[in-house]
Amino acid sequence: MTERHTALDAALDRVITAAREHLAAVKAADGRADDDHVWQAYVELNNASFEYDELLLDAYGEVTPWDVDAIDPDEADRQFGVGVESGEPGDPYPHVVSVRQRRDYRVPSVGALLRLAESARQAAPHTEEDPAEPVETIGEALLELMQAGDGSLAALDIPELESLNGVVVVAEVGEGLDPEAYSDVDGVGPFQLADGDRIVDRLDEHAYMEFDAAEVAEDADAAEDDEVEDDAEEEEERADR
């Protein structure tokens, strides 16, 4: 057996071993996202496959179906936070991101809103020991509709509410929110930034654009004049023919 055969066989063995270790890591993670062991096994399998493909190409001019590039394990650790063995965090920027959103609504009919929320509450599962209580306030109605939906403000995109302006603020904060640290009637504290926190971006949401009535009328007249001129030009062209 030649030296190149030996190198190829050893490279193939590394591919097989790496593939088995990758499968074992995937099974152990059981669908857990961003598992460090799965990523490490992936890097090993990728590099073993790359090495085998390169050796096969050099020895026989043949290639495998694997179109991969080599991955520097040290660079992968730095970028993706793979550092299970060392126990050190791989992310050099361990901040918490806080998304704070406000949107205002006009309530055309309080009665209609309460009836809709009441229907949503009655449709939810209840027991005789825990019957559904009537929805009595706007605050209860909004929370009930959000709970009946996906929990986001999108659940309030309903005919019973007229969406007004809003704002979304993204901030980097040193610590995550602890709701129990604030009283139920404190509507300011949970949204305040602490010392050292900083806003990184802001998105203003405009429900509608306010147009000047005179400008709208002027634009309409201009469009009508252009249409009249186009019709006149077409008549002249037909007459020339």
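**Exercise 1.** Is Tyr42 buried, partly exposed or exposed?

*Solution.* Start with the source: this is a predicted model, where local features need pLDDT of at least 70, side-chain atom pairs count only at pLDDT 80 or more, and totals for chains, interfaces and linings use all residues. Residues are numbered from 1 along each chain as its sequence is written, and side-chain values use heavy atoms, without hydrogens and water.
Next, the cut-offs: buried is under 20% relative accessible area, exposed is over 50%, and partly exposed lies in between (1.4 Å probe, protein chains only).
Tyr42 has 40% relative accessibility, so Tyr42 is partly exposed.

**Exercise 2.** Classify the pair of Tyr52 and Trp66.

*Solution.* Take the rule. Rings of Phe, Tyr and Trp (its six-membered ring) pair if their centres lie within 6.5 Å; planes under 30 degrees apart are stacked, over 60 edge-to-face, the rest tilted.
The ring centres of Tyr52 and Trp66 are 6.1 Å apart and the planes stand at 50 degrees, so this pair is tilted.
Now place the partners. Tyr52 lies in helix α2 and Trp66 in the loop between α2 and α3 (73-80), 14 residues apart. Helices here are DSSP runs (H or I, at least four residues) and strands too (E, at least two), numbered from the N terminus.
Last, accessibility. Tyr52 is buried at 14%; Trp66 is partly exposed at 36%.

**Exercise 3.** Locate Leu177 and list its contacts beyond four places in sequence.

*Solution.* Leu177 sits in the loop between β2 (162-173) and β3 (198-205).
Its relative accessible area is 59%, so Leu177 is exposed.
Contact means heavy atoms within 4.5 Å. Setting aside neighbours within four places in sequence, Leu177 touches Tyr182 and Pro190.
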